[in-house]
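Reader: Could you take me through one part of this model in detail? I'd like a close look at the place where the two chains meet.

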Protein chains: 2
Amino acid sequence: MERIVVLAGGIGGARFLRGLKSAVPDADVTVIGNTGDDIHLFGLKVCPDLDTVMYTLGGGINEEQGWGRAEESFAVKDELAAYGVGPEWFGLGDRDFATHIVRTQMLSAGYPLSAVTEALCARWQPGVTLLPMTDDRVETHVLIDTADLDESQRGEGGESRKAVHFQEYWVRLRASVDAHAVVPVGAESAKPAPGVLDAIADADVILFPPSNPVVSVGTILAVPGMREAIAEAGVPVVGLSPIVGDAPVHGMADKVLAAVGVESTAAAVAQHYGSGLLDGWLVDTVDAGSTQAVEDAGIRCRAVPLMMTGTDATAAMAREALALAEEVSA
Amino acid sequence: MERIVVLAGGIGGARFLRGLKSAVPDADVTVIGNTGDDIHLFGLKVCPDLDTVMYTLGGGINEEQGWGRAEESFAVKDELAAYGVGPEWFGLGDRDFATHIVRTQMLSAGYPLSAVTEALCARWQPGVTLLPMTDDRVETHVLIDTADLDESQRGEGGESRKAVHFQEYWVRLRASVDAHAVVPVGAESAKPAPGVLDAIADADVILFPPSNPVVSVGTILAVPGMREAIAEAGVPVVGLSPIVGDAPVHGMADKVLAAVGVESTAAAVAQHYGSGLLDGWLVDTVDAGSTQAVEDAGIRCRAVPLMMTGTDATAAMAREALALAEEVSA
């Protein structure tokens, strides 16, 4: 299990990766990062999930918040607000702005996102190879019903169904209304970024951390060729449930799971991925009763503690995932 | 003298304008701002002279420094340096960055610089109409001799003559080497920005503040049609010498004056503008001996205190300039 590929979203993926690095410090880890929640703000390209992984593994993350930079200040944001330039609901700090300025400048100069990410990581030294899932533009949009919005949330215009950027749904609306569909716009014509398919083909094991199965791992899997490459790699694919005790550990995964018709349970998420993709699945000990349902779906399942309360607990989760991978490959 | 047009550079122009506003608060002042020292930094469009005027008249300037924002912080700059992204010699603060982010976003959306400047001024309320000299890209470059540079200043490559951006010459090299030529690249095909020619045609008086005669006022005059419009306006054109006692009051005007073959004296600058353009010229009292030479060149000349030591002193200078304008038009 020397070469490990991890499909990661933001906070959950990044914290899991820190545990994984702690559990197997010498492993060759390639992270395929979700870029579906990338957004252009103030003319700058913001890649929240890539940055969360980079900052977390590079020691620059705001630990309490789980995203953004530690010791952050907000002079730029305050000034933009003074100019009346929004959105104000996306809290970019000054240090974070610098990352987006460097990224945008490099993209404008013609470098693909994968090269830009490598350049940014030259500073952060995350100890993993961080690849965006694609160099092409993919933006997850969420279809909502404007009738569900309260007056302060509703904008101009009289449409009843409205597609909003994932960040608007997640950050501005705090997933307070139902998601009727989740669409990774642009995914159908996106190509995996350079290195992605090779890393999958060369992997000894592929892990799905407890990231959001719809808008994080699901978006990565929506890039044509990704799902097939994983299936064809012929190596154990093991995931960790982001749902513990019928509620998401972090975030509002239940809302977007409902949009794709999946119950918010550890077992339902495993069944959603399916035995064609997943070989093993870890559920939390409180969900031990659901292991049989997962096994019945053809996926090896174990119940272990899945709360990422610290690096030690998270490292233990990573060890359990690798142990399950050994088991299914035996 | 209701309608006043001022051709302004950065610090000197901005401080003079503050005095002018204090002297004639009800006057309708249009500022034609130099954009020749605009520069793209970190993928952002920076307009130092326009911003200095806007911040100074809008109450946001760093008074001591004369440029940049008051109460500034430098988190973004420090982070860019941590990424190894330069140049480090141009000290952009966090608050200032916000201005450049808003400007760049609007320019990318297709708005011309004049519209962007108007939008930025909606916040700052400078009390004047601030127009860029042109919406087209003009960048002043300075021709230097690399043999004049010391080792730390010299880059790669073996050229002997080298054109550097004005900001590199002024800020990085601090005008420490001779300027062999000053070229407003792009000026020959630039058009005056919307409103510029109308403001000149409608003016009752046109003032040249003690801004740099080569790289500030000179660059504005290099825009085709500008010089002709001023001459054809048929109204008094009065300037204030930026040279006092044979040395520039601020900055390093002597270096760029030498590049165009003009002595660093109050009289020589007046003669450089010439009687075809200038009707009146103010020199400092220490240069009272040079008034005759200016008068001999066909330009009405008075010696008055020209040190902008505060708003009162600067307002008095503005009153003297307007009085001289009345005199020449009588």
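Author: Let's start with one pair: Glu79(B) and Arg95(A) join their side chains in a salt bridge, 3.2 Å from N to O. By salt bridge I mean a side-chain nitrogen of Lys or Arg within 4 Å of a carboxyl oxygen of Asp or Glu. Keep in mind that this is a predicted model, where local features need pLDDT of at least 70 and side-chain atom pairs count only at pLDDT 80 or more, while totals for chains, interfaces and linings use all residues. Residues are numbered from 1 along each chain as its sequence is written, chains are lettered from A and ligands numbered from 1 in the order written, and side-chain values use heavy atoms, leaving out hydrogens and water.

Across the interface of chain B and chain A, the rule finds six salt bridges. On the chain B side, the elements giving two or more residues are helix 2 (48-58), helix 3 (75-82), helix 4 (94-108) and helix 5 (113-124), with helices being DSSP runs of H or I, at least four residues, numbered from the N terminus. Helix 4 of chain B provides the largest share, eight residues.

Zooming out, 25 residues of chain B are in contact with 25 of chain A (heavy atoms within 4.5 Å). The two chains bury about 2,100 Å² between them, 68% of it from carbon and sulfur atoms; that's the accessible area (1.4 Å probe) lost on being put together, summed over both parts. In chain B, Glu79(B) turns up again: with Tyr83(B) and Arg123(B), Glu79(B) loses the most area to chain A, together 33% of what that side buries.
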